[in-house]
Amino acid sequence: MLHADRLAAFVALGQRLSALVSADHAEELTELAARARNQNNWFDRPNVLVALRGIAHLLQEEALRAWAARYPPEPTTPRLIGLVMAGNIPLVGFHDALCVLLSGHLLLAKLSKDDTVLMRWVLDELTRLEPRFANRIELADRLNAADAFIATGSDNTARYFEYYFGRKPNIIRRNRTSLAVLTGRETDHDLGLLGEDIFRYYGLGCRNVSKLYVPTDYDFTPLLDALQPWHHVLEHNRYQNNYDYNKSILLVNRVPHLDSGFLLLTPGVQLVSPISVLHHAAYTSEVDLLDQLTDVAAQTQCLVSGGGLYPGSFPFGRAQQPAVTDYADGVDTMAFLAEIL
């Protein structure tokens, strides 16, 4: 199975997903989304739809071919790559699977118990489109036989991964989160777009903004007004439970905060915020902002700013729409796979 065959299969998968999310396939999509939510009730239909559209976007032919052309078309020797997938948001492990299979290696994947329905469905569709992938994909609970590993988890599970996988080539990912820089000059439209970065997937992803950096004496009123269209997150019972709990903690401990009715804003040094809470920190100058961002760079997945004007940042509303060239933790997965002997 040559590189051109593998590439063509993924292009076909992208076309299949694009068709699935169209109105012509509403019944099939509804059934798939219902099965996903029955397994993990954070995976509601709107978020499943966004995730599938995101995969289809990754697999657009022109961008996919340009990206793949940057790397060797075939490995020196195909190796068995153990992949431990996360399950915090729908299909979060797909990019790693794409890298392993497109690079010419063999995939040995341990799926997250929270995301087996969607991931199995996508891999089954890939195999249906290109049956030769059946001999290149294996789903398993144990990855002992693998020659190299890619594992995504928390800081705690990373220590476990290092213990078991550390003797072989590996990429081990830890906790990361995403940040937003506000200047006070953003339009209402800009601030509204930021809601996508905060609330998509109910804030459960590492690409969700969990902390704001704002000028001293920043007026949060326009931001809170612009985020009002996202009030529907409270319709999810688990989100509302988190909101009620975190609000009570802030009130009991007399922690200063702003309350939009579905989002709690509070000053804090922490990067990661609980569901329904957004931390913020003030900066006094561009130099001060750069210093603060530099201090937390190792824990930052991505940065967003109005129009993507801040160096290295995504525009508001785009944090959850990575390109195929946007690697988790900034580690080039394809380059790692190309170097495995």
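My entries below cover a helix pair, a surface patch and some loop residues.

**Entry 1. The model**
I noted at the start that this is a predicted model.

**Entry 2. A helix pair**
I looked up helix α1, residues 3-20, and helix α5, residues 94-102. How do they pack? I found an angle of about 155° between them, and their axes are 10 Å apart. Angles over 145 degrees count as roughly antiparallel. So I wrote down α1 and α5 as roughly antiparallel to each other. Next I listed who makes the contact. From α1 come His3, Arg6, Leu7, Phe10 and Leu13. From α5 come Phe94, Leu98, Leu101 and Leu102.

**Entry 3. A tyrosine patch**
Which residues make the nonpolar surface patch of about 430 Å²? I found Tyr160, Tyr163 and Tyr164 there. I then picked out Tyr164, which lies in helix α7, residues 155-165. Its relative accessibility is 52%. Exposed means over 50%, so Tyr164 counts as exposed.

**Entry 4. Aspartate 217**
I went to the loop between β7 (209-215) and α9 (221-226), where aspartate 217 is found. Aspartate 217 has a positive phi of about 65°, although it is not a glycine. Is aspartate 217 buried or exposed? I read a relative accessible area of 75%, so I marked aspartate 217 as exposed.

**Entry 5. Serine 276**
Serine 276 also has a positive phi, about 85°, and it is not a glycine. I located serine 276 in the loop between β9 (264-267) and β10 (277-283). Its relative accessible area is 5%. Buried means under 20%, so serine 276 goes down as buried.

**Entry 6. Glutamine 299**
My last stop was glutamine 299, in the loop between α11 (286-295) and β11 (300-305). At 37% relative accessibility, glutamine 299 counts as partly exposed. What does glutamine 299 contact, leaving aside its neighbours within four places in sequence? I listed Asn175, Arg176, Thr177 and Leu271. I also checked serine 178, which is 121 residues from glutamine 299 along the chain. The C-alpha atoms of glutamine 299 and serine 178 are separated by 8.4 Å.

**Entry 7. Recap**
I went back over the accessibility labels. Tyr164 is exposed, and aspartate 217 is exposed. Glutamine 299 is partly exposed, whereas serine 276 is buried.

Technical notes. Residues numbered from 1 in each chain as written. Predicted model: local features only at pLDDT ≥ 70, side-chain atom pairs only at ≥ 80, totals over all residues. Heavy atoms only, no water. Patch = residues over 30% accessible without salt bridge, like charges linked within 9 Å, V, L, I, M, F, W, Y side chains within 5 Å. Areas by Shrake-Rupley, 256 points an atom, 1.4 Å probe, with all protein chains shown as cover. Salt bridge = Lys/Arg side-chain N within 4 Å of Asp/Glu carboxyl O. Helix = DSSP H or I, 4+ residues; strand = E, 2+ residues; numbered from the N terminus. Buried < 20%, exposed > 50% of the residue type's maximum accessible area, 1.4 Å probe, protein only. Axes fitted to C-alpha atoms, helices over the stretch in contact; angles between N-to-C directions. Parallel < 35°, antiparallel > 145°, perpendicular 65-115°, else oblique. Contact = heavy atoms within 4.5 Å.
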